[in-house]
Amino acid sequence: MEKKHQLLATRLGEILGRFNNGETLYVKQLAEEYGVHPRTIKRDIVERLSFLDAEPGERGGYRISPGLLGRFSADSIELFARLAGVSELFPGFNKRMLSSLHSTAASQSIVVQGHRYISSELQADYFARLQRAIDEHCCVNFRYLRRNEERHYAVEPYQLANLNGVWYLAARHDNRLKNFTLTKITALNCTFETFEPDAELLTKMRQEPRVWGVEDKFSVRLSVAPEVAEYFQRRDLLNDQVIEQQTADGGLIVTTQVAHKKEILPVVQYWIPHLKILAPTSLQRELEAEIKSWLTVV
């Protein structure tokens, strides 16, 4: 049976540790070890661990500059895992666990099926430029494809956030926090004009990180069918999920707080026909209309 994909953090942590120890790593060999395609390993080295500046040498082996050897400790790997948003996947994530990930036994005992990520050279370039603009509090402007129409935006960038493999830019536009899909941005221009970040907004974003922002949240009430109730009882599948009651047939009445309808509609679509929006009723009508439009497409 083909090997399962290693947990992303495990694989990257091991590769980082081996580079740190001065090893020369070969794409084909690593692909066989982790049971993944060579393109995945090359993406790990060239894109996900790009800060190492690993360069190909003899026989296609990659290694890092001697000046970087020994600089990456368990603290570095822990920081990287938290930044990548994968540390919470591990129960009891700590330095002791990180040390154990370098053992052969760990590579056999920890497996997972991960997300597929969208990537491109243009998106990588925009990501780096936007990150710098955020750090330096510089305004940016760009063209953006919205509802099949290209519009121009001048914004104050605050954060880059990833949801299910898709990157979004959270930025202030017309005094409101809005989110832009990175792949829909074109003609990006990072200006020298600076702005003063809103301290209150930054605090909210740190306390409640979410792709669709933190302003003007509203409540959504849903019914959950008995067939899937256990999944919502086992863990929170919705933001700010609250189970209000269990119905006589074993179903649930659940509420959630969202900042945008796109934060909840895809979730309900995924669980159709087991979820129904009770309030606001306009969202349920919009969902039903969209489903009908799918069925009438020739």
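Predicted model: local features only at pLDDT ≥ 70, side-chain atom pairs only at ≥ 80, totals over all residues.
User: What's the secondary structure come to?
Analyst: The chain has eleven helices and twelve strands. As for contacts between residues at least 6 apart in sequence, 61% of them join residues at least 24 apart.

User: Switching to the backbone, which peptide bond near 5 degrees in omega is cis?
Analyst: That is the bond from Ile272 to Pro273, which is cis with omega near 5 degrees, and Pro273 sits in the loop that runs between helix 10 (265–271) and strand 12 (275–279).

User: What about the bond from Ala279 to Pro280, cis or trans?
Analyst: The bond from Ala279 to Pro280 is cis, with omega near -5 degrees, and Pro280 is placed in the loop between strand 12 and helix 11 (281–296).

User: Where is Asp174, and what is its phi?
Analyst: Asp174 lies in the loop between strand 6 (166–173) and strand 7 (176–181), and its phi is near 55 degrees, a positive value in a residue other than glycine.

User: Is Asp174 buried or exposed?
Analyst: Asp174 has a relative accessible area of 61%, so it counts as exposed, the cut-off for that being over 50%.

User: And Asn175?
Analyst: Asn175, in the loop between strand 6 and strand 7, has a positive phi of about 65 degrees although it is not a glycine, and Asn175 is exposed, with a relative accessible area of 67%.

Technical notes
Residues numbered from 1 in each chain as written. Heavy atoms only, no water. Helix = DSSP H or I, 4+ residues; strand = E, 2+ residues; numbered from the N terminus. Contact = heavy atoms within 4.5 Å. Buried < 20%, exposed > 50% of the residue type's maximum accessible area, 1.4 Å probe, protein only.
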